[in-house]
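Open the model in your viewer and keep the selection panel at hand.

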Amino acid sequence: MTRSLAARLCVGLAACGSLPAAALDPHKPFHDYVRNTWSVEQGLPQLTVSAIAQDRSGYLWFGTQAGLARFDGVRFVTYDMDTAPELPGTMIHALHVDPAGRLWIGTPQGLAVREGTRFRRVAFPGDGSRAYEVYALASLRGGVYAATSRGLYRVDGAAPERVARAPDAPRSLLAQGDALWIGAAGQACRMQAERFDCRPLPAEAAAASVDRLAAAQGGLWAGTREGLFRLDGRWQRHEQAPSLARAPIEAMLADHDANLWVATPAALVRVRDGREAERIEGGEALQSLYEDREHNLWLGSAAEGVSRLWNGWTRRYSSRDGLANRLLWSVAQGSDGSIWAGSNDGLVRFDHGRFRTLVRGRELPHPAVYSLLPEADAVWIGTRAGAALWRHGRLQPLPALEAMRGTQVNGILRDRHGQLWFATARGLYRLDAQGRMRRYAEQQGLPDPRVRVLHETRDGTLLVGTQNGLYRWDGTRLHAAGPDPAIGQDLHVTAIHELPGGQWVLGTLTHEDLLIGDHGHWTRLGRNRGVPLNAAFFISHDDDYLWVAGLRGIYRAPIADLLHAIHDPAQRVAGEMLLNERGERHGGQKGDCCNGAGNSRGFVRDRGLWLPSRDGLVVLQTDQAARNDYAPTTVIERVQVAGRWIVLDPRGDTGTLPLPAGARDLKFEFTTLSFQAADHVDIRYRLRGYDTQWRTLDTPEQRSVAYTNLPPGDYRFEASGSNNSGIASHSQAGLAFKVPAYFHETPWFHLLLTSLIACAVYAGYRLLRRRYASQRAFLEYLVQKRTQDLQLLNQRLQDMSLTDYLTGLRNRRYLAQQIPADLSFYRRDPAFQAGNDAVVFVLLDVDHFKSINDGHGHAAGDRILQQLAELLQSLVRGGDYVARWGGEEFLLVFRPMLRTQVSALGDRLLQAIERHAFDVGDGKRYPLTVSAGLVEYPLFPQQPQLLGWEQLITLADHALYWVKEHGRSNWALYRAAAHAPASPVTLDSSDPVELVARGLLVLESPALRAASSDPAPQ
């Protein structure tokens, strides 16, 4: 269908902001509405949806050929002959909710009504030999009327009553004021106060049945199998809508925005002001149309389930509007209002609602047009591999541009002095009035020449955003102009904007947050302050909001909040995501946006943001209502008690729910009825008398919660929800209940039990008092004596288990018990925490001990070990440990000492042992040497718990092994390398020697200084 530019652009963009909030902008193309579809995979009982209604609570009801379905936006509940045998049949023709809140269901086999939670079949008069097929339902002045195959009936009384003089075979009903219109074969009759005024269709349609009726645009409309008719004194075929005048009409709906939606087997047509405003082709074969209380449009199809449409916040111009390559990198507006866009395959212009390719990608240095600058008589084009000039309808060679060949041009800007600036990946370029090109990079003050974006402030300052910070041009050089490193380190600046007060706003890819500079004072605002996460590519503002479009979508933030936040660290910003690429919860409408960082990434026109995206141009109107103001209803649907579900009446509070004795486990199902974006609904709940505060559901699909083993008492379960804009229910849904107490939980039982226990205790006390008195002394004596014996025996056993039998030193078991507690204590010491002090583990091994056993006997070897044990105990301080580790190995654990003293400790131990006179039993002095491996704890002061003490012993043993291999009679120490990183160290395995192999630990030893050519162990 042809649409004028005025209808598609000017009216479509400007008028939607001036209208009151509406779910469907009447001037917006159908394909720009947000659409979701539900089918049998999501729980719909069958694909054909022939009737739709919304009840008083807010549930949507869908009539299909396989039963009735209730929908809360997330879950379907199906009613068929198994779950609702009162239904006359499962093929639903009509649904209607009357003023009393009852749901009426019309089927080919008759009529049913749902009151509260129960269905009831309506019995028509007659012998039952022929069914009453119900085609339509309507309410008028408190009465409910049904159009049936056997006439018009009023059905809300005790028994249905046929309306006399009504058409014999009514097919459609429409209540209008105090009158009821009845569509029948060849005519539509108006019933008012039991008087009928029938208006026949034109003679050529005398046999056509009026299957649909609608009141819209100041008139009455009739849909028939032979076309669309309008009542203007008399019925006339509506020739102003040519595609509808003779097409079969399947469904009609007049919405609150003055649209008349008409469905035919081949298309859905929007009629506005009597004319076809839009025709949506498709083979859905729509059977029903409905507008809910949030003004969403629902489409019931014959074979594709049900769809919901809401306005959303964007318009999109793409392939359907003539765009050959949907991927757009840049968009800019000329001084004459023309719209230019750079695609992944050339330069295009958007005129009169259509795209036109002006330069194909193969004609440019690179097909992708990454930046644009339209001027009065030319368009400067920046690509991913150089720049070009389009003038007077063709590309014109410019030798100066050859300097940028092969480099990506991110932005183009002409300053107030007429100089042309290019932001490129190889630096900043300037083209002066004489056609001379000059490059500015490292030598002119740019440490990183990758320039992303350019901006000229109102006072004429040229700001240059790079991938490593913000700079300003002083006429000869570039100088850092961004935040200090503490706030903005290695900033990749992607967008620059200036607020009316002179504040600079930077978008960054580094942290995907905003940086605001207020005359030299910079503030970072991110998600922790309420600003949505987004790497900004385009920033603009209006009177109230800052608008940011970027990698994740589009959001807005109140300017007043931002200005307060830069001076008050406690101030949060009410940032609101409106378009979200990832479809995140509370992230607004899902959709593609936006592309690339640099200049020409968007502009503002008629209060609309025009932005390039992966799917053409996206336009977001900044002055349209972004909130869904409908306050949803929250309903507690049912509760499970003792394994049985109790369905609750959604029409109101059911009072206090009686529970059977022993019912302590309850499960509640509840919902909040909002359909615009049901996956963004928030629901909270609490059980008063049990929960101390409100709880929230983990996901919007859950909508149920269980409580188990509740104690006796009075409770009230409450639930409340809010829609996708945070508008909460006007009131909470509540259900009161009482958990009855068992007899043993009652006060009388406790009183009786207390009395019985008191009597029994007193009687026993009197009975046993004498016996206790006579036995007390003897028992106390026996207990005291046996206790002392046991304590002595236990102490001996414990000492034996923790002491080495040969040397009398402590053993491994003792250290395993003591060292973890000691290390935990030391970690709390300030000097230890500062890293100045360290606990030292020393693993000693007697050199050539086997030769002592072989030459002097094992008794001599034992004597040497005993003498060495005595010597080691004399060399340590109080609080240090000396333990026999095994064989001829001894472990010494020194409490915290200065790290600078560890080397001296190794020398002192080895010298003392070497000077000591050891006796093997023959009275002669035996020279003895030892080798020692040392390790400090912690190795990394910032990570005291990286290694356990057993792993430290492994390192000490590794150092000892190195000494053994390099001459013995020496010591070696592992400690952290000087170049060890400040960041946390990780251990990929349980073997601490991995740290040596990675170079994080180094070995120190006198042997290394004496023989520096020998490598440390790896």
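Is Cys 189 buried or exposed? Cys 189 is buried, with a relative accessible area of 0%. Buried means under 20% relative accessible area, exposed means over 50%, and partly exposed lies in between (1.4 Å probe, protein chains only).

Before going on, note that this is a predicted model: local features need pLDDT of at least 70, side-chain atom pairs count only at pLDDT 80 or more, and totals for chains, interfaces and linings use all residues. Residues are numbered from 1 along each chain as its sequence is written, and side-chain values use heavy atoms, with hydrogens and water left out.

**Cysteines**

A disulfide (a pair of cysteine sulfur atoms within 2.5 Å) links Cys 189 and Cys 198, with S to S at 2.1 Å. This link is right-handed, with 105 degrees about the S-S bond. Cys 198 is partly exposed, at a relative accessible area of 35%.

Now select Cys 593 and Cys 594. They form a disulfide, S to S 1.5 Å. Cys 593 is buried at 0% relative accessible area. Cys 594 also counts as buried, at 6%.

By the distance rule, the count is 2 disulfides. Counting bonded cysteines along the chain, the pattern is 1-2, 3-4. Next, pick Cys 759, which is exposed with a relative accessible area of 55%.

Strands (E, at least two residues) and helices (H or I, at least four) are DSSP runs, numbered from the N terminus. Two strands pair if DSSP finds at least two bridges between them.

Strand 46 and strand 47 run antiparallel, joined by 5 bridges. Zoom in on Ala 495: its bridge partner in strand 47 is Gly 507.

**The helix pair**

Finish with residues 858-875 (helix 8) and 902-915 (helix 9). Their axes are 11 Å apart, and the packing angle is about 140 degrees. Axes are lines fitted to C-alpha atoms, for helices over the stretch in contact, and angles run from 0 to 180 degrees between N-to-C directions.

Which residues of helix 8 make the contact? Show Leu 868, Leu 871, Leu 872 and Leu 875. Contact means heavy atoms within 4.5 Å.
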